[in-house]
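Here is a short note to read beside the model. Take the points in order.

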Amino acid sequence: MGTIRLMHAKLHRVQVTEANIDYVGSITIDPILLDKVGILPLEEVDIVNLKNGNRFSTYVIPGNPGEGEICPNGGAALLCQPGDLLIIYAYENCDRQEVLQRGHTARVIVADQHNKIQDFLIQTLVPCEDGKQVEFHNTSMIESILENSQSY
């Protein structure tokens with residue numbers, strides 16, 4: 001059946017804190033946000049700017065923990081301004097048959113106006129008994145995140 005590309009992590013409605021054209025490239029993101037959704041430094045991400053519709057791909061570098069930093073760098077800085085809202089997606093290649101048999105999980109942060117966690121979602125594909133389909137589940141886990149973290 002082949003390989004499919006599925007979202008494994010998403011930062012939803014994060015706000016640009018700075019746009020730095022003089023940096024070599026990439027997007028700088030608070031490492032606490034990266035860790036919560038499982039995005040690695042240097043991982044490729046797709047980005048959508050909700051203010052102007054610009055879309056671009058780049059790689060991630062971690063910023064300073066706890067500062068809520070979202071800073072497009074280099075050429076990406078021309079596509080965003082401080083205050084713009086972004087959606088940042090990370091994908092992984094998966095074997096379609098394995099997904100139908102074992103499922104898939106994605107982690108999503110919905111951010112507030114300070115790039116703190118407003119909601120934390122676990123989105124899963126759960127295999128059906130026939131092994132040919134999956135069910136989609138979307139579960140808020142914000143209570144467990146708040147219990148395990150003082151800064152978010």
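1. How many Å² does the accessible surface of the protein chain come to, and what share belongs to carbon and sulfur atoms? The surface comes to about 8300 Å², and 46% of that belongs to carbon and sulfur atoms. Areas come from the Shrake-Rupley method with a 1.4 Å probe; for residues, only the protein chains shown count as cover.

2. A caution on sources. This is a predicted model: local features need pLDDT of at least 70, side-chain atom pairs count only at pLDDT 80 or more, and totals for chains, interfaces and linings use all residues. Residues are numbered from 1 along each chain as its sequence is written, and side-chain values use heavy atoms, without hydrogens and water.

3. The protein chain holds three helices and nine strands. Both are DSSP runs, numbered from the N terminus: helices are H or I with at least four residues, strands E with at least two. Their order from the N terminus is β-β-α-β-β-β-β-α-β-β-β-α.

4. Of the 152 residues, 44% are buried (under 20% relative accessible area, 1.4 Å probe, protein chains only).

5. The largest nonpolar core has 26 residues. Such a core is a set of buried Ala, Val, Leu, Ile, Met, Phe, Trp, Tyr and Cys residues joined through side-chain atoms within 4.5 Å. Elements giving it two or more residues include β1 (3-15), α1 (31-37) and β6 (85-95). A second, separate core of eight residues includes M7, I87, Y89 and L121.

6. L11 is among the residues with the most contacts inside the largest core. Leaving out residues up to four places away in sequence, L11 touches I29, L33, V37, L86, I87, I88 and I109. Contact means heavy atoms within 4.5 Å.

Note on methods. Buried means under 20% relative accessible area, exposed over 50%, partly exposed in between (1.4 Å probe, protein chains only).
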